[in-house]
Every structure is written in C-alpha cells, then in structure tokens.
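Please look over the sequence and the 3D structure shown here. A short report on some of the features follows.

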Amino acid sequence: MRKLLFYARLAAQNLRKNSIFYGPNLLACSLCTALLYIVRFLTYSDMVRTMRGGASVGVMLSLGTLVLTVMVLSILIYANGFIMKRRQKELGLYNILGMEKRQVGHVLILESFFMAVLSVVLGLATGILFSKLALMGLLRLLQFDVPLGFSVCLRGMMETAIIVGLIFLLLILRNLWILHLSRPVDLLHSGNVGETEPRSRKLMALIGLVALLTGYVMAVTIQNPITALSTFFIAVILVIIGTYCLFTAVSVVVLKALRKNKRFYYQPRHFTAVSGLLYRMKQNAKGMHNICILMTMLLVTISTTVCLYAGSESSLNAMYPDKLSMTAHLEPEELNKPYCEELRESFLRWAGENDLPTDTFKDRLLLEFSVLRTEDGFTTDQSGSNLYVTSTATNLYLFSCMTLEDYNRLTGEAMTLDKDEVYCYANTAISLGDTLRLDSKAWHIRGMLPSMTLSAGHDGLAMLSAGIIQVIVPDEASLLELYALQSQAYGSAASRLDYSMTLNPDLPDEHLEAIYKTLPSEIRTWGLPLSYSASCRSAFRDDYYGMNGSFLFLGLFLGLAFLIAAVLMIYYKQISEGYEDRARFVILQKVGMSRSEVRATIRTQVLMIFFLPLLVAAIHVAFAFPMVSKLLLLFGLRNFPLFLLCSLATFLVSALVYVAVYALTAKKYYQIVKL
C-alpha cells in the first residue's frame with residue numbers, strides 16, 4: 001500500500017511538473033470527451049429519435065461517433081508520443097537512480113490513469129453543461145421547436161467513459177512497450193542527439209510531385225459524380241503522400257538555396273532561422289504535413305456541410321419542383337387519348353374529394369433517357385447498359401423530350417415546328433450547332449429555348465449527368481420514334497413514357513402532406529392497371545432537412561475536432577522546437593544578440609514555416625473544388641457559387657484562428673528561449 005501511495009504521489013508530482021505538456025493534452029482530451037458525450041446524448045435523445053426525420057439523424061450521429069473516436073485516438077497518440085519524447089531523459093534518470101523498469105511502469109500507468117479520470121470527469125461535466133445547447137442547435141437546424149427542460153444521458157456517459165478509457169488503455173500499453181525496449185543510458189542522453197544536415201532527396205521530391213499532380217488531375221478532370229465518389233479516397237491518399245514528400249524534400253531544397261544566397265543568409269535573424277530549420281527538417285516536415293492535412297480536412301468538412309444546409313431549400317425545390325405530383329409510366333400501346341383522359345379525370349376526382357383547388361393543374365407526356373456525347377452529336381449506349389442507374393461515363397447527358405402541343409399548353413406560347421425540326425435547351429455550356437444528331441437520326445434545331453420548361457423527371461439521372469438537353473419534338477409520332485430508338489438500344493433497361501400530372505395549391509405544407517397520404521397505393525384501385533410514382537415536397541422536407549442538418553451538425557463537430565488536433569500539434573511543435581533552440585539562443589544572447597534580434601529571428605523562423613501548411617491546404621482545397629462539387633450533385637446541390645462562397649468564408653475564418661494560434665505559440669516560444 002505504501003508503494004502504491006508513493007507511486008501515486010510521484011505520478012501526481014510528475015503531472016504538475018510537466019504541466020506545460022500535460023495541460024494542453026488534458027484540455028484537448030476533455031474537449032474531445034465532451035464532444036463524444038454530446039453526440040451520444042443526442043443519439044439517445046427521445047426528442048431526436050421520435051421526431052420526423054429522426055432515423056436519418058440517428059444514422060449520421062452514429063457515424064459521427066465513429067469518426068470522433070478515431071479523431072480522439074489520433075490526437076491522444078500524437079500528444080502522448082510528444083510527451084514521452086520530451087520525458088525520455090527524466091525516465092532514464094529514474095533508472096539510473098535505482099528504479100526498475102517495472103516500477104517506472106507503475107508510475108506511467110498511474111499518470112495515465114489520473115489523466116484518464118480527469119479527462120472523463122472534466123469532459124463529461126463540459127458535455128453535460130453544453131448538451132442542452134447542442135440539442136437546441138440541432139433542433140434549430142432541423143427546423144423543430146425546442147422543448148423546455150434539462151436531462152442527462154447515463155448511457156451516453158457510460159459509453160463515452162468506456163471509449164476514452166479504452167483509448168487510454170492503448171496508450172498505457174504503448175508506453176510500457178516503449179519503456180520495455182529502451183535502455184536507461186539511451187534515454188538519459190536522448191536530448192543530446194541532434195539531427196544531421198538532411199540530404200537533398202530528388203527521388204522523394206519526384207515521387208511527391210507525381211503523386212500530388214496525379215491527385216490534382218483526378219480531382220479536376222473527373223466529371224461524373226459516381227466516378228468522383230469511387231476515386232475520391234484514392235485522390236486523397238495521393239495528395240497526402242505527395243504533401244509529405246514535398247514538405248520533406250522540397251523544403252530542404254529551398255532552405256539550401258536560401259543558404260547559398262549570401263545576401264539573404266548572412267543576416268543575424270536569417271542565419272539563425274535557416275540553419276535551425278535545416279537541421280531539423282525531417283521533424284518539421286512531419287509536423288507541417290499533419291497540420292496541413294488537418295486544415296484541409298477542416299476546410300472541406302465545414303464548407304461542404306455548410307453549403308449543403310444553406311442550399312437545402314433550393315435543392316429540395318429542384319428535386320421536387322411541384323408541391324404534389326403523380327407520374328404514370330406508360331407503354332406505347334397505352335398511349336391513347338381516352339386512356340390518359342381517364343387517368344386525368346381520376347386524379348382530378350381525387351383532388352376534388354380532398355378539397356384541393358385544381359386551377360394549378362398541369363399535365364404532360366415526357367420521355368427521358370440517357371445518351372453519350374460524341375464529336376458531332378449524341379448516341380445511345382450500344383452495349384445496352386442501364387446508364388441512368390449505374391453510369392460512370394463522363395460524357396453522360398439526359399435527353400428530356402416532350403411534344404410541342406404540351407409545351408405550348410404549359411407555356412402559353414404558339415410556336416410551330418416542321419416534321420424534322422426541334423427546339424432545344426441545354427443547361428450546360430455546350431454548343432449544339434444547327435443540327436441535333438442522335439445515332440442515325442438528325443433534326444434541324446429551329447431555335448434554342450431561353451430556359452427549361454419543366455424540371456427533369458429522373459432526379460437521379462439528372463444529378464449524375466454532365467448536363468440536361470431538353471428537346472421539343474413536333475408531335476407524339478416523333479416522341480414514339482425516339483422511344484423506339486432508345487428502347488432498341490437499352491432493351492429491358494429502356495425508359496418508359498411518363499404521363500405526369502402536378503398540382504401546386506396555395507395550402508399549408510401540413511395540410512398537403514395529410515392529403516398526400518390518402519393517395520391510393522396503386523392506380524389499379526381506380527380501375528387502371530398502371531404503375532405510378534407520386535411525390536409531395538412537404539412530405540420529404542423533414543427527412544431532407546434532417547439529413548442536411550445532421551450533416552452540418554456533424555461537420556461542425558468534426559471541424560472542431562480537426563481544429564483541436566491542429567492547434568495541439570502546432571502548440572507541441574512550437575514548444576518542442578523552443579526547448580531544442582533554447583541552448584542555441586542562450587549562447588547567441590550571451591555573445592551579443594539582443595532580445596529584439598532574438599524576437600526578429602523567431603519571427604522570421606516561424607513565418608518561414610508556420611503559414612506554409614495553411615497555404616498548401618488552401619491549394620489542396622482549390623484543386624479539390626471540382627471533385628467535391630461533383631459529389632455535392634449526389635445530394636441534389638447544383639449551386640456552385642454558394643459552395644465557392646462557403647469555401648472562401650470557411651478559409652477566412654480558419655485563417656483568423658490560425659493567426660491567433662500563431663500569436664500565442666510564438667509568444668510561448670520566445671518565453672522558453674529567452675535568458
């Protein structure tokens with residue numbers, strides 16, 4: 001018992017003596033513990049689970065728990081590695097003074113135990129304190145009313161404590177393994193071992209350049225969202241490899257070039273800064289690489305989730321342009337006036353039975369199918385693949401075709417067409433010329449429409465396409481000709497003719513949604529043996545906002561976790577370099593360097609390296625912009641100016657935080673190295 005108390009006192013004393021290292025670690029771990037608890041609290045919240053769209057939110061929160069756990073593990077492994085490196089001499093001294101490795105291990109176990117208990121207690125207290133605020137924020141994002149009252153989730157507390165406890169157990173096992181492999185003499189003299197001057201690694205620079213450029217080219221050139229999704233992580237890995245190699249190799253080349261520049265190098269602050277950076281470039285490269293990747297992840301995560309949420313309403317309106325719609329899928333033999341009229345009358349009868357005003361009623365016949373762009377026109381996929389479901393082609397377009405009669409009726413126009421003429425509209429910057437070609441068919445383009453008459457019916461295909469081409473054909477015979485052409489190419493995967501009916505009454509969303517639920521499950525109940533699909537914008541609103549709101553909530557949480565990790569790495573990097581540079585700066589001050597010159601040298605040294613990760617992160621995000629934009633199409637977002645605005649705003653805010661961290665860490669660095 002006495003030994004245990006002795007080890008406990010020694011462990012507590014070590015934590016106090018090394019508070020400059022353990023303090024930020026405790027703060028970071030407590031904040032991460034608080035984030036974990038808040039996510040688990042929301043996951044088990046009855047309010048969140050029972051609200052409409054709660055299923056989507058629950059899935060997102062469970063995914064967030066997994067990602068946060070990985071982030072906490074990586075943060076603590078990094079911090080623990082830094083602390084153990086700084087304490088090697090201390091641990092070696094314990095061995096020299098007579099303590100066995102087993103006894104030193106007991107001290108390390110108790111230190112980790114105290115840190116775990118403090119982290120869990122402080123983290124849970126902080127999480128409980130801010131859990132209500134987080135619930136209010138989430139409900140506001142999901143556009144729900146905030147209930148009164150305050151609660152604590154015991155299950156969430158227990159799960160959070162278990163997760164943090166297991167992470168600290170892994171750290172204990174890692175520290176004991178490092179202690180087992182070490183020799184006391186090596187530990188005692190570890191602080192005296194310096195790095196030699198690094199060699200210029202041309203091969204590493206070449207590998208890094210090739211990897212980085214390959215990742216950039218993939219991000220810029222990919223046009224199809226499905227392809228972007230499947231290759232996104234490959235591009236990320238290439239950029240990570242390229243970033244590390246270039247930070248390591250190119251930084252050495254640049255510093256050596258600056259050293260050769262006598263005018264620049266032989267100045268007090270430049271001489272000290274360049275030489276100091278050059279001789280520990282390997283360590284610097286690793287730290288800068290980690291900070292750069294974390295800042296890139298922060299910028300991408302925050303900007304995309306903010307953009308998704310900010311563009312929710314416009315995306316919802318684009319996917320569901322009408323408040324109420326019903327689309328019947330017809331075969332050519334079912335395309336006759338009495339049949340469609342009976343269907344129309346049935347729909348209007350249902351609307352009348354539910355007191356829906358029909359003055360906004362519209363109907364149309366539509367044919368939509370996928371085509372591939374060629375040099376002189378378009379072609380169907382001759383392999384017969386189901387393009388509009390699984391295509392990864394970069395030249396995939398959607399043909400949305402309707403008759404001139406429907407177009408004139410919907411728009412109030414009185415336009416005319418000859419038999420071999422069409423009107424067209426393209427929602428992308430594509431030149432169609434004077435002739436529209438599809439396989440062996442050709443039509444003269446009489447004119448380009450100023451806008452799309454109605455949104456595309458196949459929302460999934462519209463999102464996956466490089467563009468949409470709306471084609472107005474002269475009559476139903478021309479529409480059936482196109483139907484036969486794509487049916488011959490695609491066989492069982494061919495599109496059917498869609499007879500669509502829409503209503504946009506000026507009624508509250510709740511009322512419309514209740515009426516929508518009274519739609520028959522099948523048109524067959526009306527005596528019409530047809531398959532159909534129906535949609536109501538308000539019925540999908542809660543789920544859509546639930547998904548995007550939970551994305552934003554998790555994005556902010558993950559962004560905060562990335563920021564905590566980046567700040568911790570910056571702090572430890574500055575502290576580590578401060579202790580390594582202290583002896584050098586002390587000697588320089590003793591031989592005549594003034595404090596103002598020391599400050600100028602520190603400023604030069606930090607500025608030469610410190611803001612490089614932020615700059616490179618901005619370059620990464622700029623090249624990733626096209627690929628991420630394609631991924632946003634999978635969520636129905638086509639508002640790229642909004643994404644650009646969100647990306648710029650996120651970068652500016654992150655840069656301000658980065659500058660604040662620079663000011664704090666530079667001050668701490670100077671306090672360490674000054675006499």
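## The model

This is a predicted model, in which local features need pLDDT of at least 70, side-chain atom pairs count only at pLDDT 80 or more, and totals for chains, interfaces and linings use all residues. Residues are numbered from 1 along each chain as its sequence is written, and side-chain values use heavy atoms, with hydrogens and water left out.

Helices (H or I, at least four residues) and strands (E, at least two) are DSSP runs, numbered from the N terminus.

## Helix packing

Two packed helices are described by the angle between their axes and the distance between the axes. Axes are lines fitted to C-alpha atoms, for helices over the stretch in contact, and angles run from 0 to 180 degrees between N-to-C directions. Helix 6 (residues 101–141) packs against helix 7 (residues 154–181) at an angle of about 155°, and their axes are 9 Å apart. Helix 6 is therefore roughly antiparallel to helix 7 (angles over 145 degrees count as roughly antiparallel, under 35 as roughly parallel, 65 to 115 as roughly perpendicular and the rest as oblique). Residues of helix 6 that meet helix 7 include Val 104, Leu 108 and Met 115, while those on helix 7 include Ala 161 and Ile 172. Contact here means heavy atoms within 4.5 Å.

Helix 2 (residues 19–43) also packs with helix 7, at an angle of about 140° with the axes 9 Å apart. This angle makes helix 2 oblique to helix 7. Among the residues in this contact are Cys 29, Thr 33 and Tyr 37 of helix 2, and Gly 156, Glu 159 and Ile 163 of helix 7.

## A kinked helix

Helix 23 (residues 612–633) has 22 residues and spans 32 Å from its first C-alpha to its last, close to the 32 Å expected at 1.5 Å a residue (the expected span is 1.5 Å times one less than the number of residues). A kink of about 50° lies at Phe 625, shortly before the proline Pro 626. The bend at a residue is the angle between axes fitted to the seven residues ending there and the seven starting there.

## Two loop residues

Most residues other than glycine have a negative phi. Asp 355, although not a glycine, has a positive phi of about 60°. Asp 355 lies in the loop between helix 15 (337–353) and strand 2 (362–373), and counts as exposed at 65% relative accessibility (exposed is over 50%, buried under 20% and partly exposed in between, with a 1.4 Å probe and protein chains only).

Asp 439 has a positive phi of about 55°. Asp 439 sits in the loop between strand 6 (435–438) and strand 7 (441–448), and is partly exposed, with a relative accessible area of 32%.
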